[in-house]
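Let's walk through a protein model together, one piece at a time. Keep the picture beside you as you read.

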Amino acid sequence: MCPFCPCYQNKQKTENLALSSNQTHIDTTPIQGTLQDLQPLQLVMVYKTDWEPVWDQLVRDYHYLGFRNMLGARLKYMLLAGGRPVACLSFSAAMGRVTARDCFIGWSEEQKARHLPQVVNNHRFLILPWVRVHNLASYTLARALDVLPEDWQRWYHQRPLLVETYIDQTRFRGTSYQAANFIHAGQTRGFSKQGSTYVWHGRRKEVYVYPLNPLFRDIIGCEQRPFPPVRPSKKPVPPKRFEEEKRRMMMQETDWHPHILEEAGLSEEAIEQLGEELVAFHDRFSDAFQRSEQQRLGEVILKGMLSDAGNKTTEAVALRYLGEKKVRSSQLFLSKAKWDENTMQENYQQELARLLADEQGMLCVDGSDFPKKGKHSAGVARQYCGRLGKVENCQSGLFVSYASTHGYGLVDRQLYMPEKWFDDDYAKRRKRCRVPEDLQFQTKNEIALDLLRKQKEAGHFPAQWIGCDAAFGADGKFLQGVHALGYTYFADIRCNQQVWIEEPEVGLPPYKGRGRRPTKVQPLTASMSVAEVAQDPSLHWQKVTLAQGAKGSINAQVTRLRVSPKNQNGLLGEECWLYMRVFEDGTIKYAFSNASENCTMAEMNRAATMRWSIEQCFNECKSELGMDQYEMRSYVGWHRHMLYVFLAHLFLLQIRMTFKKKQQS
């Protein structure tokens with residue numbers, strides 16, 4: 001890295017700090033006293049350093065506006081006392097149109113177009129809540145203003161002339177800014193720029209400015225002009241319009257999950273339009289709702305799932321965007337409100353199929369487990385939890401995904417209800433959890449087969465293949481059901497699965513001299529495990545690149561041969577392919593496939609990679625979209641939450657595909 005690069009210089013300033021940027025726990029022990037007691041105080045610019053995630057997390061957790069992704073030019077600072085953070089503040093590019101500021105400066109539109117990059121906005125300022133030190137806020141501002149001109153010029157090649165900030169006087173009086181010699185310039189008019197338009201939100205803020213250069217008007221060539229007084233409108237904005245404007249502002253907030261922006265590589269202009277894109281996307285499912293309020297609540301939930309919030313439960317999302325009064329209605333929207341999730345799901349599947357449908361596609365089935373405390377959520381029980389790798393209290397869901405050369409997405413889902421939930425002892429609990437009265441117990445594999453059958457009947461997703469893991473691949477009845485539906489399966493199996501590599505001799509086993517004589521024809525040749533088959537030195541292995549992962553190519557040695565599996569009854573099953581992969585770390589995976597004998601190895605390699613798509617869906621939906629962050633106890637609420645996760649995932653897919661097309665055009 002070039003030693004004259006700002007990134008390098010900033011790293012040199014921060015590399016010897018006492019607090020590790022990887023520290024997951026921030027010391028919240030109260031800090032009191034005087035500024036002298038806190039010395040030495042160190043102001044550190046943390047933008048583009050390992051410390052930036054610490055800054056982001058503190059602002060996300062403790063600033064009343066939360067953390068928002070800043071667009072364009074920005075710098076972030078942290079004030080440290082003995083290596084402990086005590087304050088965070090940031091600066092960003094200035095707003096384009098602020099009447100009070102523009103009148104204070106006095107510039108023309110032409111002058112503003114030329115000099116606006118020399119005005120900097122104090123985007124966030126936070127004294128951490130456990131810090132109680134008199135004059136710390138004004139001291140921090142003064143320290144930051146001293147270093148800001150040099151830092152901003154070094155990073156963005158513009159010498160700033162003025163700093164602006166906006167104070168919400170329903171929360172703060174602005175005394176720290178006044179003590180730091182900021183000048184009151186007037187009030188905002190209650191509008192905010194959202195995308196390419198301005199919307200009225202009604203919350204006027206006090207505008208304060210700080211001239212970094214006292215001769216800034218001489219440099220611009222202007223004179224201060226009077227600020228027109230802010231008068232209340234003679235015609236108050238109708239409540240419905242006011243609520244609509246507030247909703248539009250909320251949807252336009254640029255607090256998207258960072259992976260959305262990183263993976264798609266969106267421009268600043270495209271990011272500003274995401275809110276409008278999301279509203280238009282959700283409108284496609286409006287025929288599922290009975291009232292407009294339901295559609296608005298659905299938009300908020302969808303927005304929350306796509307945001308950078310650490311907690312994406314319905315309550316947390318409602319508090320973030322709508323306030324405490326809307327928490328209950330948001331929860332009822334998912335758990336009890338009368339709207340048609342079946343219509344939404346049908347529309348969703350049509351939208352997903354429009355993007356992904358391919359005759360060579362694959363439907364995958366898999367289970368996903370969700371650890372839960374208590375015993376009052378639908379389907380919760382002590383059962384094996386794959387996420388924890390042990391028997392634990394959890395819910396378990398069955399999911400179907402679809403993958404093709406165009407991408408992948410989740411298609412359907414159903415909550416697994418353990419058999420004991422159908423006992424009389426659970427009757428009251430089933431009623432409280434709104435479990436359908438006609439629902440009957442099914443095993444997970446029976447549910448998965450029914451979900452596949454539904455997709456076959458609906459016909460939205462043409463598929464040649466069915467992919468599944470060993471929990472399904474070990475069930476001969478399930479594989480027979482898949483075969484009966486007309487699909488070709490690619491099913492992972494366990495290493496101890498027994499097979500015959502040559503057709504065994506069958507007949508009646510010899511009588512052992514005691515008990516009943518055998519009457520059932522059975523294989524007389526001993527079977528062997530697939531792990532033993534893999535050790536056969538006569539096998540021909542070939543090295544292939546199965547896929548391109550985040551860390552490079554995924555390479556493996558692969559081979560296949562025709563075998564006859566041993567079913568659960570110890571009898572001979574239908575001949576099929578045994579496909580084996582040895583990865584670079586030595587891991588061996590085994591799979592059965594009922595593909596025809598003339599199926600090429602290339603086709604089977606492609607099926608092996610498509611099988612991963614459902615795991616990728618789970619990973620993205622849990623890490624980015626809050627799939628496992630829900631509080632609904634009802635059967636209906638679980639399914640509706642998962643459906644909204646599907647919608648959020650589809651929106652991401654569309655954003656990626658749209659931006660990819662723009663790059664290629």
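## The chain as a whole

Within the protein chain, 70% of the contacts with a separation of 6 or more are between residues 24 or more positions apart; a contact here means heavy atoms within 4.5 Å. This is a predicted model, where local features need pLDDT of at least 70, side-chain atom pairs count only at pLDDT 80 or more, and totals for chains, interfaces and linings use all residues. Residues are numbered from 1 along each chain as its sequence is written, and side-chain values use heavy atoms, with hydrogens and water left out.

The protein chain has 23 helices and 25 strands. Both are DSSP runs numbered from the N terminus: helices are H or I with at least four residues, and strands are E with at least two. Of the 665 residues in the protein chain, 51% are buried. Buried means under 20% relative accessible area, exposed means over 50%, and partly exposed lies in between, using a 1.4 Å probe and protein chains only.

## An open sheet and its helices

Strands of a sheet pair through backbone hydrogen bonds, either parallel or antiparallel. In this model, seven strands form an open sheet with mixed pairing, in the order β2-β3-β4-β5-β7-β11-β8. Two strands count as paired if DSSP finds at least two bridges between them. Which strands stand at the edges? They are β2 (41–45) and β8 (183–187); each has a single partner strand, so one side of each is left without a neighbour in the sheet. From one strand to the next, the twist averages 25°. For such angles, axes are lines fitted to C-alpha atoms, for helices over the stretch in contact, and the angles run from 0 to 180 degrees between N-to-C directions.

Helix α6 (residues 136–156) lies across β2, β3, β4, β5, β7 (162–167) and β11, and runs at about 140° to β3.

Elsewhere there is a hairpin. Strands β13 (residues 381–385) and β14 (residues 390–404) pair in the antiparallel sense over five bridges, and Y384 has V391 in β14 as its bridge partner. Four residues lie between the strands of this hairpin, where G389 takes a positive phi near 70°.

Two packed helices are described by the angle between their axes and the distance between the axes. The table shows two such pairs.

| Helix pair | Angle | Axis distance |
|---|---|---|
| α12 (residues 292–305) and α13 (residues 314–321) | about 100° | 9 Å apart |
| α12 and α14 (residues 327–335) | roughly 95° | within 10 Å |

Helices α12 and α13 are therefore roughly perpendicular to each other, a term for angles of 65 to 115 degrees; under 35 counts as roughly parallel, over 145 as roughly antiparallel, and the rest as oblique. Their contact is made by V300, I301, K303 and G304 of α12 and T314, V317 and Y321 of α13. The contact of α12 with α14 is made by Q294, L297, G298 and I301 of α12 and S329, S330, F333 and L334 of α14.

In the loop between α12 and α13 sits D308. Is D308 buried or exposed? At 5% relative accessibility, D308 counts as buried. Its C-alpha atom is 6.7 Å from that of P258, 50 residues apart along the chain.

## Inside the protein

A nonpolar core is a set of buried Ala, Val, Leu, Ile, Met, Phe, Trp, Tyr and Cys residues joined through side-chain atoms within 4.5 Å. The largest has 114 residues, of which F399, L410, F478, L578 and Y644 touch the most other members. Helix α23 (residues 635–664) gives the most to this core, with 15 residues. Not counting residues up to four places away in sequence, F478 touches V365, N445, A448, L449, L452, C468 and F472. A second, separate core of 48 residues includes L43, V46, A144 and V163.

Helix α21 (residues 601–610) is mostly covered, with seven of its ten residues buried. One of them is N605, which counts as buried at 12% relative accessibility. Leaving aside neighbours within four places in sequence, N605 is in contact with V544, L546, V558 and Y579.
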